[in-house]
Amino acid sequence: MLIAADKFKGSLTAVQVAERVMAGLRRVVPGAEVEALPVADGGDGTVDAAVAAGFERREVRVAGPLGDELTAAFALRGDTAVVEMAEASGLQRLPAGVFAPLTSSTYGSGELLRAALDAGARTIVFGVGGSATTDGGAGMLSALGARFVDAEGEPVAPGGAALSDVATADLSGLDPRLASVDFVLASDVDNPLTGPKGAPAVYGPQKGASPDDVEILDAALGHFAAVLEKSIGSRATEYAAAPGAGAAGGIGYGALVLGARFRPGIEVMLDVLGFAPALERATLVITGEGSLDEQTLHGKAPAGVAAAARAAGKEVVAVCGRLALRPEALGRAGIRRAYPLTEVEPDIARCISDAGPILETVAQNIARDFLT
């Protein structure tokens with residue numbers, strides 16, 4: 001049996017989910033052969049999933065989204081690095097209750113990428129999601145050697161709003177090592193940079209952006225791409241419209257400018273984590289995440305796990321905190337049955353605060369249904 005579940009956001013990490021499910025299964029069948037492979041789709045928790053799969057955790061000091069110094073981590077195994085932008089530039093890196101949609105920067109994410117290069121990485125999987133930022137990756141590019149100046153030749157301020165002041169973009173100072181690295185942009189969203197489906201319009205409100213802020217950011221990102229076109233040609237405009245450009249406040253766009261190739265986050269992570277051989281050994285796969293809903297079906301970890309398992313002819317069940325999908329939708333996704341915590345404890349608040357013990361009980365039910 002293989003446990004390949006993502007985190008229950010706000011309650012349990014993917015590693016903790018695996019531990020609790022394993023404990024519950026073994027209460028019913030003490031000798032059950034269970035393998036755990038915590039997964040992630042490129043968003044927050046991606047580094048932890050890589051470390052659980054045998055990567056080494058490396059910590060470095062970088063700039064947070066507001067410029068304050070913090071400790072962030074990436075994962076390394078051999079010459080492959082897994083870098084998670086949320087480690088440096090994520091919403092969880094902001095003080096409680098504080099949002100900074102116009103001024104937060106991805107500079108620290110660029111510092112993380114540079115640290116991975118310093119560690120000898122030749123392949124970098126760049127997981128993006130959960131960002132506090134909407135700066136089009138300008139901060140990241142700056143940390144890697146790019147220069148963005150205003151009409152007076154002064155460096156522009158951090159953040160997305162200030163991109164409207166960019167007069168010149170100079171990428172000649174970018175770290176030359178980037179040219180020889182296999183750089184993979186891993187994301188579960190395929191939005192373009194700007195427009196009605198772009199980063200500011202779709203994701204800006206989650207980061208505290210008002211309708212006026214969204215307009216400011218959308219115009220600033222559009223201007224940024226236009227200025228970059230003078231520096232790198234028509235590719236700048238093509239990248240802005242490409243799938244994944246709008247990921248994580250447009251840091252996907254910055255990654256594409258650096259030469260990254262876009263792949264769905266869960267596909268990349270399953271490859272990196274060694275899912276295929278683990279799947280081959282399994283008879284039943286248990287996946288899941290905090291909320292199984294319509295979003296799950298569009299590139300989230302459980303959908304990716306279920307698709308791969310179904311292709312291999314393996315049966316899949318899912319655990320979750322909340323279930324908002326009908327059985328038919330689950331079936332189309334390759335999930336035979338879902339086990340929400342709310343079946344055991346109807347009180348949502350308790351499901352969040354006591355997720356671990358309740359999940360163990362849910363896992364016992366799975367064991368009774370499938371192992372006895």
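Guide: The model is predicted; local features need pLDDT of at least 70, side-chain atom pairs count only at pLDDT 80 or more, and totals for chains, interfaces and linings use all residues. Residues are numbered from 1 along each chain as its sequence is written, and side-chain values use heavy atoms, without hydrogens and water.

Visitor: How many residues of helix 9 are buried?

Guide: Buried means under 20% relative accessible area, exposed over 50%, partly exposed in between (1.4 Å probe, protein chains only). Helices (H or I, at least four residues) and strands (E, at least two) are DSSP runs, numbered from the N terminus. In helix 9 (residues 247–257), 11 of 11 residues are buried. Among them are Ile251, Tyr253 and Leu256.

Visitor: What volume does the largest pocket have?

Guide: On a 1 Å grid over the protein atoms alone, a pocket is an open set of points with protein on both sides within 12 Å along at least five of seven lines; lining residues have an atom within 4 Å of a point. Here the volume is about 1000 Å³. Of its 34 lining residues, Asp41, Asp188, Val189, Gln295 and Lys300 are the closest to the centre. Helix 9, strand 10 (261–264) and strand 11 (284–292) each give two or more lining residues. Strand 11 gives the most, with 3.

Visitor: Which residues lie nearest the centre of the second largest pocket?

Guide: They are Gly139, Ser142, Val156, Ala157 and Pro158, out of 21 lining residues. This pocket holds about 290 Å³ of space. Helix 5 (138–143) and strand 7 (147–149) each supply at least two lining residues.

Terms used
1 Å grid on protein atoms, 1.4 Å probe; cavity = no way out; pocket = protein on both sides within 12 Å on 5 of 7 lines; lining within 4 Å. Points joined across faces, edges and corners; volume = space filled by probe spheres on them.
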